[in-house]
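Hi everyone, thanks for making time this morning. I'd like to walk you through one model, so let me put it up on the screen.

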2 protein chains.
Amino acid sequence: MTGFSFTVHATDGTARAGTIRTAHGEVATPAFMAVGTAATVKAMQMRDVRETGTDVVLGNTYHLMLRPTAERVAEMGGLHKFMNWPHTILTDSGGFQVMSLAKLRKVTEEGVAFQSHIDGSKHMLTPERSMEIQSVLGSDIHMQFDECVELPNTREEIDRAMRLSLRWAERSKSAFRGGPGQAPFAIVQGGDQIDLRQASARELVAMDFPGYAVGGLAVGEPQEVMLRVLDETVPVLPAAKPRYLMGVGTPDDLLQSLSRGIDMFDCVMPTRAGRHGQAYTRFGRLNLKNARHATDPAPLDPESRCPAARDYSRAYLHHLVRSEEILGMTLLTWANLAYYQDLMAGARAAIGAGKLGDYIAETKAGWARGEEA
Amino acid sequence: MTGFSFTVHATDGTARAGTIRTAHGEVATPAFMAVGTAATVKAMQMRDVRETGTDVVLGNTYHLMLRPTAERVAEMGGLHKFMNWPHTILTDSGGFQVMSLAKLRKVTEEGVAFQSHIDGSKHMLTPERSMEIQSVLGSDIHMQFDECVELPNTREEIDRAMRLSLRWAERSKSAFRGGPGQAPFAIVQGGDQIDLRQASARELVAMDFPGYAVGGLAVGEPQEVMLRVLDETVPVLPAAKPRYLMGVGTPDDLLQSLSRGIDMFDCVMPTRAGRHGQAYTRFGRLNLKNARHATDPAPLDPESRCPAARDYSRAYLHHLVRSEEILGMTLLTWANLAYYQDLMAGARAAIGAGKLGDYIAETKAGWARGEEA
């Protein structure tokens, strides 16, 4: 009826492989979403992003509302057309970034008043305004407006923000104005407090959202804390709805989380690392600035489908990074996105074959072994 | 016998259309060479450079000898392989850039001693070392080592540098170590002094180089001075050899110069302008930073073959430029290179049809008219 759907094709333990259908196509899950903050996946052409196997790009409401503004994007035909990405787009609510980037924030029951980090101009984000912006941008998945606190934090503060986010979830759902194939997602909060996480999840499930995110993780806590929260929270979420772990993470974070039933991820790591000379590969993480790559004629990965990983020597990448050439950022970002997508494709295939445990073990062995073998 | 050749297919007045054949393919002339300073055409993938119709890329000896060093490039299989460009490469001699970029230069009969602008390390370029570096890089066309003086300048200084460059031309030719399909080019100097230009050209013609460049122009003098030098110098050069005007220029400079018999050009303008928010189009030059583009849904040129010029709105390009996103630099560089190559392709066709005058008049009318008509 809404045109938005999620189908699970296979499970392996608590992990599952499936398909999300949106107004702009299909998303194979577990899915890694490329971060396209300001209507561009930094340093990349969208054609190349697509070729890595990316099905979804994430747009940031906070950035887009400030520049070029949601209304401008709408005037230009919506975010898909604006950035030449005809596939699925998820927008965040601005809640996380308004807390991490904006100046002079003031949180009230109504929402968050803040000043732009770009020009100091004054703005207000509320659940209603966030959903309106996401609707105006035309994204396929709209995230509820929430408040995310840093960890570690007091139980009192975590509880306060979680309860506020619940009230904002209801207002967000009421304000959702998407059409067929579009859907609002709720966000579980509760920090590292298991009972608060479970309370948040239960309340949100009662509101019957088409999808559920787990927010407020990977904000400074150890990986084991994050995984314990997932272990205790994911079972509370409905099996028939997609589950999205926000802002996560390293390749290992992704494998650990998808094996706990997470279906969607987004993270700046592959793109940001690519702009800073770092490469993620089957053999672990490499720093291309390192002098040992200066005379290495080997590509990042001769068996990669990705031209950036396959067709350029490490010596060349080292040269580009050392010379601060834009192409170095482009090629490493591209190779990193391709690696993340290959990792997800491998996980999907392994879940389908009931061999996720083997896949994770082999993948981790590759990282540990490096290229010595 | 050398495998390097130049064939003129058509002439229109003093303009000609032809083909240069090198060890790495054919170059349709008049040709615009994309500048690939540090083994990369800045902000571009070579796949896209090729798709603009680029047949030759220029590499800078000065930059490459300092980083990653010519020997490192050779170790990695040569410049073509290093930068994934299997087509023709021309390298300059380092003469121009050592004078404009390096620190603590000292020019002697032997060559130029200097310190790197990157790390202050001490180096020496001589005609012999420049030709050795170009041979080690493996480029197809090697430029003689020369001394280029700024304009305006004293006749005495222009004369001195021109005579020195003649002696360095002989040493460069003797030191040339290219194989089949590779060739050394001489460089005419003499500033804005017509008799010195002609003397330089005559002496170089007597040395019988496979190609001739006109250097030391577009270094601050008015266009009319440059064109007068071409009018008086080009006729001294042999009709059967390619003629290369170094470091030039604007689209109009190119049309004016090719109509005077120039066959090859290189210039940073399209690439540098692209990194600074400027676009060259059939309708003239646009500054995408300008607020008037913020709400313009039109692409740079709906009729362009170039995806960058055709598939993105000016509003999007404006947003990317204002947001200092790398994709903005990439798309504008790409569109500019495509425009330069389209301009050359149009000139080649017009020369073939004997209608170069009409083509230039129509092109200039388009720039003057802008998009009002």
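Let's begin at A:G370, which sits just after α15(A) and takes a positive phi of about 65°. Before going further, a reminder that this is a predicted model.

Now step back into the helix itself. Helix α15 of chain A covers residues 356-369, 14 residues in total. From first C-alpha to last it reaches 20 Å, close to the 20 Å expected at 1.5 Å a residue.

Which residues of α15(A) are buried? They are A:L356, A:Y359, A:I360, A:T363, A:G366 and A:W367. Looking down the helix axis, these buried residues fall within an arc of 125°, so they line one face of α15(A). On the other side, A:G357, A:E362 and A:A368 are exposed. As for packing partners in chain A, the buried residues of α15(A) pack against several elements, including β1 (5-12), β2 (15-22) and α14 (326-353).

Next stop, A:M44. You'll find A:M44 in the loop between β4 (31-35) and α1 (46-51) of chain A. A:M44 counts as buried because its relative accessibility is 1%. Beyond its neighbours within four places in sequence, A:M44 is in contact with residues that include A:V49, A:T330, A:W334 and, over in the other chain, B:L327.

That brings us to the pair of chains. The same surface serves both copies, with 100% of the contact residues of chain B recurring in chain A.

Thanks, all!

Notes: Residues are numbered from 1 along each chain as its sequence is written. Chains are lettered from A and ligands numbered from 1 in the order in which they are written. This is a predicted model: local features need pLDDT of at least 70, side-chain atom pairs count only at pLDDT 80 or more; totals for chains, interfaces and linings use all residues. Side-chain values use heavy atoms; hydrogens and water are left out. Contact means heavy atoms within 4.5 Å. Helices (H or I, at least four residues) and strands (E, at least two) are DSSP runs, numbered from the N terminus. Buried means under 20% relative accessible area, exposed over 50%, partly exposed in between (1.4 Å probe, protein chains only). The expected span of a helix is 1.5 Å times one less than its number of residues. The arc is that of the directions from the helix axis to the C-beta atoms.
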